[in-house]
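Have the viewer open as you read.

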Amino acid sequence: MLRGARARAWFVLVSLAAAACGGGGGTAGGSGGAGGSGGTGGSGAGGDPFAVDECALGLDDCAPDAECVDTPGYFTCTCKPGYEGDGKTCVDVDECTTLLHDCDTNATCSNTPGGFDCACPAGFAGDGKTCDAKYASVSAGQYHACAIRNDKTLHCWGLNTSGQVGTGTSDQVFLRPVPASGATNWVSVSAGGAFTCALDENKRISCFGSGSVGQIGDGLGVAQSTPAIGAGGYEDWIALSAGSTHACGIRTGGALYCWGQNNRGQIGDNTTTNALSPVLVDAGPWSMVSAGTEFTCGVKANGTLHCWGFNNARQLGDGTNAGQRLVPTQEFTVATDWATVSTGNAFTCATKTDGTRHCWGTNSLGQNGDGLLATVVSPKAADMATDWSANLDVGDLAGCGQKKSGELHCWGDGSVGQTGQPDNEGPTLTPSPVSGISDWISFSSGLRFACGVRQTGDLLCWGSASRGALGAGFSADRTEATPVSADTDWERVDTQLDNGCAIRTGGKLFCWGRNVYGHLGDGTTRTRATPVEIGAGKVWKRITLGRTHTCGIASEGGGPDVPYCWGLDGNGELGNGSVVTNQNVPTAVNTTVGNDSPWVEIAAGYNHTCAVRQDKTLWCWGRNASGQLGDASTTTRPDPKQIVPAEPANWLDVVASGDFTCGLREGGNVFCWGLNNLGHLGQGDTVSPVNVPKPVPGTYAAIDAGANHTCGVRLDGTLWCWGRNNNGELGLGNAVTPIPTPTQVGNATDWARPFLGQGLTTCATKKNGDLHCWGVGSFGQLALGNLSSFNAPQKIPSLGPWKVVSLGNEHTCGIAQDGVLSCWGAAYYGQLGSGLPFLSTPTLVLDPI
């Protein structure tokens, strides 16, 4: 039944139809016009003389929030966008609660009739569909960083094993910024070693993270995972600075206070006693302070500069070689026009009011930015420029400063991109501009990375991504074994502090990682993130890595197997003779008079090298201060010299690490010599040095040496270790140290071979190829998928069975029996050889979680 408007419409249509009839015998015309006598009507498109547009005539009954759509002989109702229903009834859709909006994840969504609005909250900028976090300042620490947003909230990222990110959670690493708990009115922040301190608008200092030596300043001496208001309870702080394990602050009026570790006098209170809460250093008035690695410097209101604490590299600038200063000591030049000062790791830089930049202290990697590599004993202008601003910050081994034009320039160790020089990751000996950016308002140099904030509020970081320090959403570190390449023909591998080398089937040698001393052997000092071939044309049989030098055994052109060495030659460890010369490509070791027997085994310690010949004689060269050459002296040898006694000549293998050496003789007898301060020679004592080989109890099938401990598998398949055990690296289930005599690890009798390195980690394979590791795992070097440490052997769950393994300082590499080379652990210098461990160009930090 038709009702209302539709009934009236039908009546109208009928009337119109009747009026349209005409022209007897003619055909009805179209809806355009009436037909003439005997002819056709107009050519209207519809062809329906009764069609009516109800929507146009207002004859529909659609809801107010619906659209009316005319159809042949009828109409339909459709709810407008932002509404839902049958068209007769339409209800507003709440896109915000139903997640149908396209606002940025950081934006606030507000529902409106038929739609929604997006708005960026405080601390972000954008149109709501896109919201980017905006920052005011940043501070880079050891493996973490913190930044204050424009809304005065504090966000941190990176390593959090001590609570230094301030979230109150147990997450070990944050790959992007997360909000720190506590106040929302922060004005400045300073990230230290494994802790952070921040100053709020109420002039209170809150610290969080590691607190074992008092660096949090709350009087408790324990770690805190959220900002803890402390620092003596004072509410008149105006400045602060966090160092490696101590912090300092200035109160209203200029009085200087410090707290935390004080083993080197870095607090400046004329003691070496740690301070759990702030202690007065000097009434001042002080204008600024900078806490570094075991030392501190500050500028007083009268423009004088003073330093105190550790002075091992002349970093205090007082012109002396005094080992430490327990109270603030004025720098050597007694100038009164200092503007700012910044302290790093054993070096210092400062600017004056005349726009000059001065640096002093250690300079082996260009930390002073003066174009040289020699230690500077007192403040000296590092360059001729007079356009340096007061914005200056130095980190562990590099520094950055801002020119008055706004450009940022960095110098020092750039091996992981921390100086911001793409494709030039060697030492940057003079300040070089970072990118083309000239609107920096805040920047900070950390351990191996740096961060900066632009006037736009954009936060960028560059350098090592280890532990998520760049906030870029990834960490180059690996807690599980990661293949270096798809190749399956790797035969041998050796790693050291921050690099590695491996030999492939056929004798080709490849190296990767840090290369500051040319010890990769590729003719450069560039860090290599992936393996590069070394010594092309030679057939390599053995490879060994020392601290800053590398050696191997190779033949060329069908000739005999001879030793080659390269890298730093500060102690004759390259075996090139009395003229000490660094080498950045493989260089043959000097020949030995009267013996041309081929070489078969080789091992490198910190600064010495030893090798076994085919005639089973053992020869050593390099540093010998601890008797590590075994020649009955402590005289450094720049050429190979046979150990004593020369007979019996029955050496099968040699291992070296740190400043000591061990050798395996026929029959399974092991002898050790060199440094013995931690009982790692297995003599039952810590008498040191030992300059001739001494027998170790037991008979062994395989041995290996770490920097301060030794392990061996005996002929019966049992595993024994001895030496340093502070971190459970002996695998005995405890941390009793030292253990000066061989002690059995567990009860298993199926061990095959131990593997030790320069760090505090130990691994060993079983006869079936299973790999077990233990000791420190704080970088994932145990391959257990976490950062945990263990004092007893833990089976590695991934890959295998394993053929050979080598441990560096904080990373490990191994070759499985299928020939695949994998690495895991720290990657800050590219030592994993499998990807991008750092960024040399400033890169935007991801928005907070």
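## The largest cavity

By class, the lining of the largest cavity splits into 5 nonpolar, 4 polar and 2 charged residues. The lining is made up of Gly-395, Asp-396, Leu-397, Ala-398, Gln-418, Ser-445, Gly-446, Leu-447, Arg-448, Phe-449 and Ala-450. About 50 Å³ of space lies inside, and the structure holds 1 cavity of 30 Å³ or more.

Before going on, note that this is a predicted model, where local features need pLDDT of at least 70 and side-chain atom pairs count only at pLDDT 80 or more, while totals for chains, interfaces and linings use all residues. Residues are numbered from 1 along each chain as its sequence is written, and side-chain values use heavy atoms, with hydrogens and water left out.

How do you find such spaces? Rolling a probe the size of a water molecule over the atoms shows where empty space is left. On a 1 Å grid over the protein atoms alone, a cavity is a set of points where a 1.4 Å probe fits but cannot get out, a pocket is an open set with protein on both sides within 12 Å along at least five of seven lines, and lining residues have an atom within 4 Å of a point. Grid points are joined across faces, edges and corners, and a volume is the space filled by probe spheres set on the points.

## The second largest pocket

The second largest pocket holds about 680 Å³ of space. Its lining counts 35 residues, and Asp-494, Ile-543, Ile-602, Asp-704 and Arg-753 lie nearest its centre. By class, the lining has 19 nonpolar, 7 polar and 9 charged residues.

Several strands (DSSP runs of at least two residues, numbered from the N terminus) each supply at least two lining residues, among them E37 (490-495), E41 (538-545) and E52.

## Rings and charges

The structure holds 22 aromatic pairs, meaning rings of Phe, Tyr and Trp (its six-membered ring) with centres within 6.5 Å; planes under 30 degrees apart count as stacked, over 60 as edge-to-face and the rest as tilted. Trp-440 and Trp-462 are a tilted pair, with ring centres 5.7 Å apart and planes at 55 degrees. Trp-440 sits in strand E33 and Trp-462 in strand E35, so this pair ties together parts 22 residues apart in sequence.

Tyr-143, Phe-779, Tyr-828 and Tyr-829 form one aromatic cluster. Arg-467 lies over the face of Tyr-143, at 5.0 Å from the ring centre. Likewise, the charged end of Lys-352 sits over the ring of Trp-338, 4.8 Å from its centre. To qualify, NZ of Lys or CZ of Arg must be within 6 Å of the ring centre and within 35 degrees of the ring normal.

Is Ser-688 buried or partly exposed? Ser-688 is partly exposed, at 33% relative accessible area, and belongs to the loop between strands E51 and E52. Ser-688 touches Gly-674, Leu-675, Asn-676 and Asn-677, leaving out residues up to four places away in sequence; contact means heavy atoms within 4.5 Å.

His-306, in strand E23, is buried, with a relative accessible area of 9%. Beyond four places in sequence, His-306 has contacts including Trp-286, Cys-297 and Pro-328.

Notes. Helices (H or I, at least four residues) and strands (E, at least two) are DSSP runs, numbered from the N terminus. Ala, Val, Leu, Ile, Met, Phe, Trp, Tyr, Cys and Pro count as nonpolar, Asp, Glu, Lys and Arg as charged, and the others, Gly among them, as polar. Buried means under 20% relative accessible area, exposed over 50%, partly exposed in between (1.4 Å probe, protein chains only).
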